[in-house]
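Please read the following note with the sequence and the model side by side. It concerns the surroundings of the two ligands.

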Amino acid sequence: MSSVSVFGAQWGDEGKGKIIDGLARGADVIVRYQGGANAGHTVIVSGAKYVLHLIPSGILHPGKVNVIGNGLAVDPLKFIEEVEGLRARGVKVDGTNLRLSSAAHVIFEHHKRIDLASERWRGVGRIGTTGRGIGPCYADKAARTGLRVADLLEPERCRRRLAAALAEKNALLEQVHGEQPLSLEEQLARYMHLGEVLRPFVGDTGAEVRDAYRRGKHVLFEGAQGALLDIDHGSYPYVTSSNTGSDGIAAGAGFPSRWLDRVVGIAKAYCTRVGEGPFPSEDHGADGVKIREAGNEYGATTGRPRRCGWFDVLAMRYSLELNGADGWIMTNLDVLDSFDEIKVATAYEVGGQMHREWPGAHVDLADVKVHMEGARGWKTDITAVRRYEDLPALTRKYVEWVEKLVGVPIVMLSVGPDRDQVIPRDGLKRALAHA
Ligand code: GDP
Ligand code: IMO
Ligand code: MG
């Protein structure tokens, strides 16, 4: 048996969907443990594109159990839209291969409205959220005023808790945000109906995942967002509202930390970020534009153009250490195929002082001056390569240089968006299985 955490090690969109889909072939259970439909995980199978928001990226493989854990903020409308979208494309989705935690929090209409309204109040200090209601839902979870999936299935409790929540939220919507209040009866009818659609999927998923692991099943945990968007360890306040790395699994899936066997990070061969917040290695010039076009860097959830820049060694060392990564997977290497020179951020200068390690929360990342080093580009199409030794010498040189700077083994490379465009490296088996 084994349990593996695969998480985004940058600012999200590292290619988690593609990699989890590939690794799911060897897994039995694939578990999301945090976030919600703010995530957009792309899987491409023989040219057909699927973008998953709430449903784990193992869903395209028959016979696997996909779990939405208690740590998620679940918008029932998005859940149903996604289930129906997959069914319409011939993917089997029912209560046997998709499980939803009864303890996951529910995103209501008011959460989405408050998310957008709060962003307007923040003005220039806005976070650039996805507008999916994530922050307000998690705020209610912490304030103990939220409703969970189980509440939707109990008419009395649902009415009592939604009435109490809406009384306060309507005051906020009307008096602070100048918006129309929501009708309790309308909201109750809508969400209790949605609850009935969810019912066949609902269960005690923590117990189900622990039981599967005990019975020798292989469990894969799918992170959403990225380590630098982690609410505790990311670039606060420009973060999402959950613990995005292996740190989120125990709480968000009900799976003890001590049962986690392996941890693997995913990072692009460069960096991207969507929304606001510091991004030290961002390239505001022609290279940033070239990366965006070559990598088709537009948000999978909101369609926003992603900010692009170079690989950041300090950020990567930090996120891999924080999550205790055994190895990492480098994605989108092919996007660099046409560059003469490839840059890598290797140090930050802050107030005249050089930092070779992540400077931590006491430094405003917006103020750092980045020191870049360059490598010669290979100027060859590598998308058809499947064995490490078949890569151009300059590509291998770049990969090994970055690996040495980061200090954690790269166990796989991804050289295109399709499921099969991967290059395994020595150490892949060790990084994925402990027995
Ligand atoms: P996620 O949120 O981490 O799952 O990543 P997204 O799906 O939001 O963004 C990753 C984008 O890169 C998607 O458009 C993928 O299809 C694409 N992609 C994934 N791996 C590769 C790769 O190795 N090369 C290229 N060119 N594109 C990739
Ligand atoms: P995946 O799983 C990239 C960003 C938003 C915003 C901040 C907070 O596809 O990697 P939120 O809506 O969560 O309150 O927004 O986090 N963000 C993401 N950026 N990929 C994601 O998910 C993201 N989910 C949220 O752009 O800056
Ligand atoms: Mg994404």
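Which ligand has an oxygen atom 2.8 Å from a backbone N or O atom of aspartate 13? That ligand is ligand 2.

1. Basis. This is a predicted model, in which local features need pLDDT of at least 70 and side-chain atom pairs pLDDT 80 or more, while totals for chains, interfaces and linings use all residues. Residues are numbered from 1 along each chain as written, chains are lettered from A and ligands numbered from 1 in the order written, and side-chain values use heavy atoms, without hydrogens and water.

2. Surroundings of ligand 2. This ligand is surrounded by 20 residues (a heavy atom within 4 Å), and Asp13, Lys16, His41, Thr130 and Thr240 are the closest. By class, 7 are nonpolar, 10 polar and 3 charged; Asp, Glu, Lys and Arg count as charged, Ala, Val, Leu, Ile, Met, Phe, Trp, Tyr, Cys and Pro as nonpolar, and the others, Gly among them, as polar.

3. Contacts of ligand 2. A side-chain N or O atom of histidine 41 is 2.7 Å from an oxygen atom of ligand 2, and a polar backbone atom of valine 274 is 3.1 Å from an oxygen atom of ligand 2. The protein buries 97% of the 550 Å² that ligand 2 exposes alone (Shrake-Rupley method, 1.4 Å probe).

4. Ligand 1. Here 19 residues form the surroundings, with Lys16, Gly17, Thr42, Asp334 and Ser414 the closest. A polar side-chain atom of serine 414 lies 2.5 Å from an oxygen atom of ligand 1. For glycine 17, a polar backbone atom is 2.8 Å from an oxygen atom of ligand 1. Of the 580 Å² of accessible area that ligand 1 has on its own, the protein covers 93%.

Notes: A polar contact is a pair of N or O atoms within 3.5 Å; within protein, one must be able to donate a hydrogen and the other to accept it, and residues adjacent in sequence count only if both atoms are side-chain atoms.
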